[in-house]
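Here's a quick briefing to read with the model open beside you. Have a look at the fold first, then work through the points below.

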Amino acid sequence: MNGNNSDIKKKIIDGKLIASEIELSISEKIVELKKQGIVPSIAVILVGENPASVVYVRNKERAAQRCGILSKKEIYPASFSEKSLLNKIEELNNDPLIHGILVQLPLPQHINEKKIMEAISPDKDVDGFHPLNVGKIFTENSPFYPCTPYGITKMLDYYDIPVKGKNCVIIGQSNIVGKPLAIMLMNRLATVASLNIFTKDVKSIASKADILISATGKAHLIGEEYVKDGAVVIDVGISNIDGKICGDVNFEKVVNKVSKITPVPGGVGPLTVAVLMENTVKSAIIKSGINTSIKNVLNNKK
Ligand code: NAD
């Protein structure tokens with residue numbers, strides 16, 4: 001890595017900063033909601049003890065506490081049956097004091113994730129994974145956009161990074177990141193290429209991107225030959241190498257070429273959590289039926 005530290009600093013997309021601004025803004029809305037007797041609340045369900053999931057659930061719980069959202073943690077052993085989980089979701093769907101339901105993925109193998117996602121009431125689906133809400137991404141009227149792609153669009157907005165007419169290449173095609181993000185960027189009139197493990201010559205396609213987003217989970221896959229000069233690089237990946245968290249992008253190798261880049265950690269991750277909190281507050285506002293300035297939270301742009 002050449003270039004001095006202040007040059008590099010200017011290129012960094014500070015996910016923590018944007019997340020803290022979102023949290024501050026929704027905390028203010030929550031104060032107003034509480035005056036009206038409404039306490040936004042989220043139920044977070046964890047089945048099993050996947051170490052990464054335990055950390056993600058803890059981060060979500062801490063963010064909820066910071067914002068003033070009530071978080072109800074539901075922890076079950078890996079042996080918890082699909083039927084019991086469906087019953088629990090039904091109970092939470094019917095609980096008027098719960099505004100958002102999140103089931104931490106992945107689930108143990110004996111539980112059908114698709115069935116579980118479909119069981120969550122679409123109006124409490126703050127993770128944005130219910131097929132009804134996913135379908136509404138196409139028509140830009142989903143009540144809850146999936147948190148990671150939505151967080152990425154907020155990053156682009158925050159730094160005034162134009163999307164219209166730009167070549168956006170997304171490496172990774174999962175239902176929770178790559179696919180919804182592709183549609184969301186198409187909605188903003190980007191030219192989008194969606195790549196997967198079977199794509200031929202990922203490198204040459206990636207190197208034409210004005211905005212390159214990598215969500216593969218392959219540590220340091222993206223080296224300098226994948227990146228065009230002046231590109232914006234968004235790294236969604238989270239890998240653990242010898243106890244150290246790193247992303248898909250080899251930051252040191254590409255930072256001199258890019259105009260903007262997200263670090264890992266401290267990039268996409270904090271935004272994903274902040275946006276989940278925003279979706280929860282949005283749900284509480286919609287359910288309350290109140291029509292005040294609190295509704296500005298729904299358009300929480302820069
Ligand atoms: P996934 O495993 O469901 O999908 C990975 C995708 O990457 C697949 O489409 C696969 O075909 C593609 N892929 C894998 N290797 C590739 C290669 N060499 N070339 C081209 N395509 C390749 O993953 P996911 O759930 O979307 O998560 C991806 C990564 O993002 C993981 O590291 C995950 O931990 C991380 N993640 C981070 C956040 C966050 O908030 N920061 C949120 C969700 C996921």
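Let's start with a proline: leaving out residues up to four places away in sequence, Pro 149 touches Ile 176, Val 177, Pro 180, Leu 181 and Met 184, where a contact is heavy atoms within 4.5 Å. Keep in mind that this is a predicted model, so to speak of a local feature takes pLDDT of at least 70, side-chain atom pairs count only at pLDDT 80 or more, and totals for chains, interfaces and linings use all residues. Residues are numbered from 1 along each chain as its sequence is written, and side-chain values use heavy atoms, with hydrogens and water left out.

**Around Pro 149**

- Pro 149 sits in helix 7, residues 147–158; helices here are DSSP runs of H or I with at least four residues, strands are runs of E with at least two, and both are numbered from the N terminus.
- Is Pro 149 buried or exposed? Pro 149 is buried, at a relative accessible area of 0%; buried means under 20%, exposed means over 50%, and partly exposed is in between, using a 1.4 Å probe and protein chains only.
- One of its contacts, Ile 176, is 27 residues away along the chain, and the two C-alpha atoms are 8.0 Å apart.

- Five strands form an open sheet in the order 5-4-6-7-10, with parallel pairing; two strands pair if DSSP finds at least two bridges between them.
- Strand 5 and strand 10 (260–261) are at the edges with a single partner strand each, so one side of each has no neighbour in the sheet.
- As background, strands of a sheet pair through backbone hydrogen bonds, either parallel or antiparallel.
- Strand 4 (residues 167–171) is mostly covered, with four of its five residues buried.
- On one side, strand 4 pairs with strand 5 (residues 191–195) in the parallel sense over five bridges. Cys 168 stands opposite Val 192, and Val 169 stands opposite Ala 193.
- Strand 4 also runs parallel to strand 6 (residues 211–214), joined by four bridges, and Ile 171 stands opposite Ser 214 there.
- Strand 7 (residues 232–235) pairs with strand 10 in the parallel sense over two bridges, and the bridge partner of Val 232 in strand 10 is Lys 260.
- Strand 4, helix 8 (residues 178–187) and strand 5 make up a right-handed β-α-β unit; right-handed means that, with the strands pointing away from the viewer, the path from the first strand over the helix to the second runs clockwise.

**The ligand**

- Which residues come nearest to the ligand? Of the 20 residues around the ligand, the nearest are Gln 173, Ser 174, Lys 218, Ile 238 and Thr 272; a residue counts as near if one of its heavy atoms lies within 4 Å.
- An N or O atom in the side chain of Lys 218 is 2.9 Å from a nitrogen atom of the ligand.
- Ile 238 uses its backbone instead: a polar backbone atom there is 2.9 Å from an oxygen atom of the ligand.
- A polar side-chain atom of Thr 272 is 2.8 Å from an oxygen atom of the ligand.

**Cysteines**

- How many disulfides does the structure hold? There are zero disulfides, a disulfide being a pair of cysteine sulfur atoms within 2.5 Å.
- For Cys 67, the closest cysteine sulfur is in Cys 147, and at 13 Å that is too far for a bond.
- Cys 67 is buried at 3% relative accessibility, and Cys 246 is buried with a relative accessible area of 11%.

- The peptide bond from Leu 105 to Pro 106 is cis, with omega near 0 degrees, and Pro 106 is in the loop between strand 3 (100–103) and helix 5 (113–119).
- Val 264 and Pro 265 are also joined by a cis peptide bond, with omega about 0 degrees; Pro 265 lies in the loop between strand 10 and helix 11 (268–288).
- Glu 140 is not a glycine, yet its phi is positive, near 60 degrees. Glu 140 is in the loop between helix 6 (131–138) and helix 7, and counts as exposed at 51% relative accessibility.
- His 220, not a glycine either, has a positive phi of about 55 degrees. His 220 is in the loop between strand 6 and strand 7, and is partly exposed at 42% relative accessibility.

How values were computed:
Polar contact = N/O pair within 3.5 Å; in protein donor to acceptor, adjacent residues only side chain to side chain.
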